[in-house]
Amino acid sequence: QVQLVESGGVLVQPGGSLRLSCAASGNLLGLAVMGWYRQAPGKERELVATSGKSTNYAGSVEGRFTISRDNIKNTVSLEMNNLKPEDTAIYYCNAVSNIVGVLRNYWGQGTQVTVSS
């Protein structure tokens, strides 16, 4: 089993920058893809960025956000630049493990990012 803990979410002004971090622990041998999702009030959870064999970004954040993965520290980070009010959401760390062909999804508790002046 994998445990994920996010940190770094705060109130930030439009145009500002913020860095989110996620620390993974537990059974990491089968860890495949790690990424970030977000959920705004009244909306469904959506993909922000993922890191695995390749790196993928949602169109709304590409060019502004950067996902980084450190396999030594077992962390994944999200560097967010030029933040907009529409980026306001709870951001969740996600991990997918593959052990003997069994795929499992893991989620962190979420961290609140609020972009407002």
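# A walk through the predicted model

Serine 51 sits in strand β5, which covers residues 46-51. The model shown here is a predicted one. Serine 51 has a relative accessible area of 10% and is therefore buried, since the cut-off for buried is under 20%. What does serine 51 touch, once its neighbours within four places in sequence are left aside? Its contacts are Ala32, Val33, Met34, Ile67 and Arg69.

Serine 97 belongs to strand β9. Its relative accessibility is 2%, so serine 97 counts as buried. Residues up to four places away in sequence are again not counted here. Serine 97 then touches Gly30, Leu31 and Ala32 among others. Its contacts also include Val102, Leu103, Arg104 and Tyr106.

Now turn to the charged side chains. How many salt bridges does a search of the whole structure find? The search finds 4. Start with glutamate 46 and arginine 38. Their side chains meet in a salt bridge, at 2.8 Å from N to O. Glutamate 46 has 36% relative accessibility, so it counts as partly exposed. Arginine 38 has a relative accessible area of 6%, so it is buried.

Arginine 38 has another partner. It forms a salt bridge with aspartate 87, and the closest N and O atoms are 2.9 Å apart. Why does this pair tie together parts that are 49 residues apart in sequence? Because arginine 38 lies in strand β4, while aspartate 87 lies in the loop between β8 (75-80) and β9. Aspartate 87 is buried, with a relative accessible area of 1%.

Aspartate 87 leads on to arginine 64. The side chains of these two meet in a salt bridge of 2.8 Å, N to O. Arginine 64 is in the loop between β6 (55-57) and β7 (65-70), and aspartate 87 is in the loop between β8 and β9, so this pair ties together parts 23 residues apart in sequence. Arginine 64 is buried, and so is aspartate 87. Salt bridges link Arg38, Glu46, Arg64 and Asp87.

Next come the aromatic rings. A search of the whole structure finds 1 aromatic pair. Tyrosine 37 and tryptophan 107 have ring centres 5.0 Å apart and ring planes at 70°, so the pair is edge-to-face. The cut-off for edge-to-face is over 60 degrees. The pair links distant parts of the chain, 70 residues apart. Tyrosine 37 is in strand β4 (residues 31-39), and tryptophan 107 is in strand β10. Are the two residues buried or exposed? Tyrosine 37 has a relative accessible area of 19%, so it is buried. Tryptophan 107 has 36% relative accessibility, so it counts as partly exposed.

Tryptophan 107 also meets a charge. Arginine 45 lies over the face of tryptophan 107, 4.4 Å from the ring centre. The charged end of arginine 45 sits over the ring of tyrosine 92 as well, 3.9 Å from its centre.

Finally, look at the loops. Where is valine 100 found? Valine 100 is in the loop between β9 (89-99) and β10 (102-107). Its relative accessible area is 81%, so valine 100 is exposed; the cut-off for exposed is over 50%. Valine 100 belongs to a nonpolar patch on the surface, together with Ile99 and Val102. The patch has about 280 Å² of accessible area in total.

The backbone of valine 100 deserves a look too. Its phi is positive, about 45°, although valine 100 is not a glycine. Asparagine 82 is a residue other than glycine, and its phi also has a positive value, near 50°. Asparagine 82 has its place in the loop between β8 and β9. The relative accessible area of asparagine 82 is 41%, so this residue is partly exposed.

Methods:
Residues are numbered from 1 along each chain as its sequence is written. This is a predicted model: local features need pLDDT of at least 70, side-chain atom pairs count only at pLDDT 80 or more; totals for chains, interfaces and linings use all residues. Side-chain values use heavy atoms; hydrogens and water are left out. Patches are made of residues with over 30% relative accessible area and no salt bridge: like charges are joined within 9 Å, nonpolar side chains (Val, Leu, Ile, Met, Phe, Trp, Tyr) within 5 Å. Accessible areas come from the Shrake-Rupley method with a 1.4 Å probe; for residues, only the protein chains shown count as cover. Helices (H or I, at least four residues) and strands (E, at least two) are DSSP runs, numbered from the N terminus. Buried means under 20% relative accessible area, exposed over 50%, partly exposed in between (1.4 Å probe, protein chains only). Contact means heavy atoms within 4.5 Å. Rings of Phe, Tyr and Trp (its six-membered ring) pair if their centres lie within 6.5 Å; planes under 30 degrees apart count as stacked, over 60 as edge-to-face and the rest as tilted. A charge sits over a ring if NZ of Lys or CZ of Arg is within 6 Å of the ring centre and within 35 degrees of the ring normal.
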